[in-house]
Amino acid sequence: MTALKDIINWLASPAIAVTLSMIGLVGAMFCKPLWTKKGGLLLFATLVGGFLFSFTDPNFRIVATTPDNVPILGMLFLVGFFFWYAMYQAHLNDARLALGMPPLEKEDSDKKVFSWPDLVYVELVSLIVCSIVMIVWSIVLKAPLEEPANPGAAPNPAKAPWYFLGLQELLVYFDPWMAGVVLPTLIIVGLMAIPYIDTNPRGNGYFSFRERKWEIVMFCFGFIILWVVLIILGTFLRGPNWNFFGPYEYWDPNKLVPLNNVSVSEIFWVKWLRTALPTFWLKRELPGILLILFYMGALPGLLSKTLFKRFYEKMGMVRYFVGVNLFLIMLAVPIKMYLRWIFNLKYIVNIQEFSFNI
Amino acid sequence: MAKAPPPEPIDHHYDIRKLTIVFAVTSILVLPAFAWMTWQDYGRDWKSWQKKFIENDRKRTRAALNAASEKIDPEAEEKLLEQKREGARELRRNRTAVSEAEHKARKAEGAWYDSDQDFRFKKAEMDTARYDFETVRKESPKSSSTASSRKSYERLKAAYESSTVVEQAAHAAWDSAKAELAALEKTKKDAEESLTKLDGDYDRFQAKIRTLRQNDAFYFVRNAPIADMLAPSLKIQQVQLEGLYNDVNFLKSQRVDRCVTCHIAAETRGFEDKEKYPESVLRTHPRLDLFVDSNSPHPYATFGCTSCHGGRDRATDFARAGHMPNDFARYEELAGELQQGRDEKGLPTDDDVVKEAMDETQTGRWIKEYDWEVDKFNDLPMYPMKAVEAGCFRCHRTDAGHPKAAKLDQGRKLIEQLGCWSCHKMKGLEDLPRTGPNLTKVASKTTPEWAARWLVNPRAFRNNTKMPRFFYLQNFDTEAGHKLTDTMIAGVTAYLFEKSGKESWPAVAKGDAARGQQLFENVGCQGCHISEVGADRHVMDGWRQHGPNLIGLSQKVSPEWLGAWLKNPKAYNAETRMPNLRLADDEIADLVAYLMSRPAQPEFQRSHAPKADEKERDALVYDYLTQTKSVVEAKADVAKMTPREKDLFVGEKIIGHYGCYACHAIPGFEKAKPIGVELSEWGNKPVHLLDFGFLNLPHTRADWFQQKAGQPRSFDRDKVKSFQEKSRMPQFSLSPAEIEAVETVVLGMQKDDMADALKVKAAGARAAVETGRRIVKDYNCQGCHILEDKGGQIREAMTANKIDLALAPPIIRGEGAKVQSDWLFSFLHAPRSGQIRPWLKVRMPTFPFNPDQLNAITSYFASLDKARYPFEDRVDALDARSRAAGAKTFEALKCAQCHPTSQDAFALAIKAGKTPADLAPILAAAHNRLRYEWIADWIKRPEEWMPGTRMPTNFPKMDDGPGKPEKRISPLAPALDSPAFAGFKRDLVAIWGSEAEAKAYIGDPDRVTKALRDHVWSLGNDFLTVPQAPKRRATTVVASH
């Protein structure tokens, strides 16, 4: 039992957890049997079983039953359900499309029903159910009111509202202007740009996986891995001092973890060239700046000739470059995370003179 | 355009039947959910407490009602009832007249009502017109509109005035009609009035019972959910506290205490009985004399509850309010054991079983009954009841002691005497005399070997020492740790003796130990010192342990040092508090002989004398050197240093490390800052800033403190720490009760964030008293004297030595009113033996007081008794007849039998074989020493000034029953005619001129005592012997006769 918990604690460390969830997600999406009713039940049973097992652990219980964290447990099940449902429908439609039949939604949309009772009645029932849930919830779980905020004694860990915990997790890897301003802005801009970049008419108005594999995988990577998984990480696995704790680990405020991180300039000048850091910032940071310029400036062009040749031809130049840039920025997030986990990389460009760090 | 409905059957997206079932089920479910919510909101614990209190109150009122009804005289009541019935009959007989009168009164009332309304309307109209007129005239004084508005104002004014007349006439008419009616009803009304008077209490209690009614429909409606927003009888009780705040970090919010919502009986007398009212929440506050009551110094309306008790002011929920149990740590411990027991037996974890078994702790009971839990978001929970006096300290920290808060007082004394304040800065406990002896000349007092053994374990030498133990404690308890410890001790000793001044003392003659013992027991040493092997430390009521326990001196000091010390303590230590007993050389020789013969604790001499371990010493020196030097340099330095240099180096570093200089004056550390954490606001310290280490303790301030005070080094347990990082606090060997006392003080060290008006005012008489008490404490006056009804502990030693307590140092009571401040000043400055009570062997020593201290003490005594300060009226002319009468009375009463009137008289009395037990103070110097007015008062009522005094009460109190002003009688008046007093009578008649005058004099205690005073005042009084023209100041005295 303890050994199993230790293994799970180890698996839950950020690098492994993110890697596993990436592999798991993409792998699962191509694993057809999962997206049937039986597969859904299996997923559900796994999730519930995992929780039941975990709840025997006192440390897990403390974190999971904290009133602030209960909605995130709910979210876990809801995201799981809707993801399964979308994939289930998509696979049904894919089978129909393969047989030359129209998607299920086509049949549905031909039918007309009344707003009463078909719409309003259901809404009424939902309203009542929600009221019951909210009332019972508010009675059973007391609002987590704390003492008046004191700037001299911040709570430890100080956590953002649960829906921002993914962004807060990015603060571990990026400076605030990047994690808090540039990246969220690009998320919004990117989401707004999707209709203009993705002009593929297929899959419009109905679920389908086969017809938009690349797009769906990309979106799920962005949403599930870079948003939901990071929220879960931030909620359940980040404890005092923002240290990482396994799900069955005690949140010891005195836990110590070394933070021995280095920047690209240190690696390049000190470790490789065995010399002191140049005093002029531009010279010092040149390796990092060149890396960034290569990644953002040269890579899209290179890719258009090689790996993404197909996309370039299909989308045209403007759409391609906007799309691939957004894609590269999204990819930059996990890249930086992996660089930190594997090489303890602090900054690629570290111009402290202007507080400009990437 | 209306569309045609679709053809039946209508196609539906959902199964409507199923949906209806879901709808029905959820609709039914929403009802209990709603009811549950309402109940959650409505069913508050405080309501049940209020209900229970109403029940208690009703029971009590009913009992009072019964008692009141028993008190009513049935005959008187029956008489009045009969009178009332008679009145009713009378009214019936005059039925027509009465109804006519009633009618008339109603009519008159109507007329008045009408005229009064008219009068008020007219007045309003007039006021409006006046305002119009004023504004118009201001705008344009000459215009026509001004003229017209003046006119309308004057018209309305006239109307108003006439309506006044009408109204007054109508009122008069109504009054007369009422009087007519009252005349007819007089018999009945009178009876009713008398009945109300007779049944006053009874009616009052009955009315109260009516308001307390809990079981009628109206009560339920008033307190029903939702309806209770109008006028509930169960409601939140609160008080807004002006000038008391909650600190919410960015601003202060006013405190609003709601504690009495549950503690509803707190302010009401009559709910004290623990048997009748077992729930403490429904009992009266136990100290209404000090708190809550509006006449107490801390009234509820001003201070509320939380300003003293702590806790969350607005909370009405048990746990949220911040209640803290006394035994949280004990509960955790027990619960842990029980849990472990279940685990071992393989039983499943079951919180309920643990709780069930927790009945023996308050914590456990609270958890069971009130769902108590630690509210981790409450920074300032209540003080547990065991430390409730902490709340006093928050404001009263500038006081010198806390006579009304025993535990707090004890804690404060411990902190002062054990020297906690020396290392830890504590506001209000600063600038006290050093707790440890001055070590600047230690080499001329004792030997390094003794000092090293002492450092190993001070209690091995003196079990009751106040010096804490620094070495051989648990965080150095390894073989290497012991070697390191010995190295440190050797270093400290080397440093102290190297830097110490070296003086030599003159030889002491060989004395006689038996005589020395006599002296030791008689001269007053035992007021501050004991000499007992193995005695336990007593700080509270430990006046006799003020100075060190005088044992084992032969091991510690030389006879020469001791002799020099006794002769003049300041020669060795200029800042000592040891007074000078003005001992003669032969007395000193005897005392030294005796003291050097006192036994020692046997193990001490055999204990090991620490020696430095070379390896450890090198490591330690190296360790310290690397703090400022590079590794290579440090190594080179270590190699260069001689062993002696290393010892001195280690000594200096270790003294700095452990902060020895905070209590002891040590050369080289004159300006060093104490090493302890400041505790001035420790009571506000956030719990998460306290390091609990790996100890299994409840995370509360109180529990952390208890652990720290009891086992100061225990937080190092299981930790890997370098020498520098290890805990340094020494072991004070406090008993659990002492820890609780100190905890009470430290928990009370909080910010006093309240309006200045509420703070303790350290000024005027209060400041004088506190400053005086500080000196009394520091110089241990109460070791010898009973002062403020405490102390005089030397009497214990005298009793043990079989010495008559008549020879004990005088009890000091009413001293401020008794003696002149300038006499007191000079007496304390340089006391002389043999002036007032020459038979006393115990000596008032010469204390090293400076003029400020002397002023403070005299002012303290005067302030205690609210006496004139600093100068007393200088009476230098007396009424000759009163003085003569006094002299004769003095003779007649044989006062001189006990009171010698001069030093010569005293010598004669001793020759005549009188013992000290027969004698009273010599009166020769009375006019220099006593306050003129006090003497008469003392003669009149000595038993009140000093209960148990041997001075006879010559003018007994006449018992005139309670509530009457005190009156005293003179038993001399009837005795004057007895043959024994014939001569006395003749003298008095001669003085006063007639027998009647003489009798009037002797029958008046005031005149007799004043005459006696005048006589006493004249004894040995040079300036009174020369007849003088009456002086201005003396006129009052003369005029009184």
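This is a predicted model: local features need pLDDT of at least 70, side-chain atom pairs count only at pLDDT 80 or more; totals for chains, interfaces and linings use all residues.
The loop between helix H28 (701-710) and helix H29 (736-747) of chain B holds B:Asp718. B:Asp718 has 8 other C-beta atoms within 10 Å and is therefore exposed.

## Cis peptide bonds

In chain B, the peptide bond from B:Tyr869 to B:Pro870 is cis, and its omega is near 0°. B:Pro870 belongs to the loop between helix H34 (851-864) and helix H35 (880-892) of chain B.

Chain A also has a cis peptide bond, which joins A:Asn156 and A:Pro157 with omega at about 0°. A:Pro157 is placed in the loop between helix H7 (120-140) and helix H8 (165-170) of chain A.

## Confidence

The mean pLDDT of chain B is 88, and 95% of the residues score at least 70. Among the elements of chain B, helix H27 (residues 643-658) has the highest mean pLDDT, 95, whereas helix H45 (residues 1035-1039) has the lowest, 39. The pLDDT is below 50 over residues 1028-1041 of chain B, a stretch that has 19 contacts in the model beyond near neighbours in sequence. For the complex, the predictor gives an ipTM of 0.80 and a pTM of 0.83.

Helix H27 of chain B includes B:Pro643. This proline is partly exposed, because 13 other C-beta atoms lie within 10 Å. B:Pro643 and B:Gln83 are 560 residues apart along the chain, and their C-alpha atoms are separated by 113 Å.

## Helices of chain B

Helix H23 (residues 585-596) of chain B has twelve residues, so at 1.5 Å a residue it should span 16 Å; its end C-alpha atoms are 16 Å apart, in agreement. The buried residues of H23(B) include B:Ile588, B:Asp590, B:Val592 and B:Tyr594. Among the elements that cover the buried residues of H23(B) are helix H19 (513-522), helix H20 (553-556) and helix H21 (559-567) of chain B.

The axes of helix H18 (residues 479-499) and helix H25 (residues 614-625) of chain B come within 9 Å and cross at roughly 70°. H18(B) and H25(B) are therefore roughly perpendicular to each other. H18(B) contributes B:Lys483, B:Leu484 and B:Thr487 to the contact, and H25(B) contributes B:Glu616, B:Arg617 and B:Leu620. By class, this contact of H18(B) with H25(B) has three charged, two nonpolar and one polar residue.

## Chain A and the interface

The secondary structure of chain A consists of 14 helices and two strands. Along the principal axes, the C-alpha atoms of chain A fill a box of roughly 75 × 55 × 40 Å. Chain A has 358 residues, of which 16% count as buried. Of the contacts in chain A with a separation of 6 or more, 69% are between residues 24 or more positions apart.

The contact between the chains takes 22 residues from chain A and 23 residues from chain B. On the side of chain B that touches chain A, 14 residues are nonpolar, seven are polar and two are charged.

Terms used: Residues are numbered from 1 along each chain as its sequence is written. Chains are lettered from A and ligands numbered from 1 in the order in which they are written. pLDDT is the predictor's confidence in each residue, from 0 to 100. Helices (H or I, at least four residues) and strands (E, at least two) are DSSP runs, numbered from the N terminus. Two residues are in contact if their C-beta atoms, placed from the backbone, lie within 7 Å. Ala, Val, Leu, Ile, Met, Phe, Trp, Tyr, Cys and Pro count as nonpolar, Asp, Glu, Lys and Arg as charged, and the others, Gly among them, as polar. The expected span of a helix is 1.5 Å times one less than its number of residues. A residue is buried if 20 or more other C-beta atoms lie within 10 Å of its own, exposed if 12 or fewer, and partly exposed in between; C-beta atoms are placed from the backbone. Axes are lines fitted to C-alpha atoms, for helices over the stretch in contact, and angles run from 0 to 180 degrees between N-to-C directions. Angles under 35 degrees count as roughly parallel, over 145 as roughly antiparallel, 65 to 115 as roughly perpendicular and the rest as oblique.
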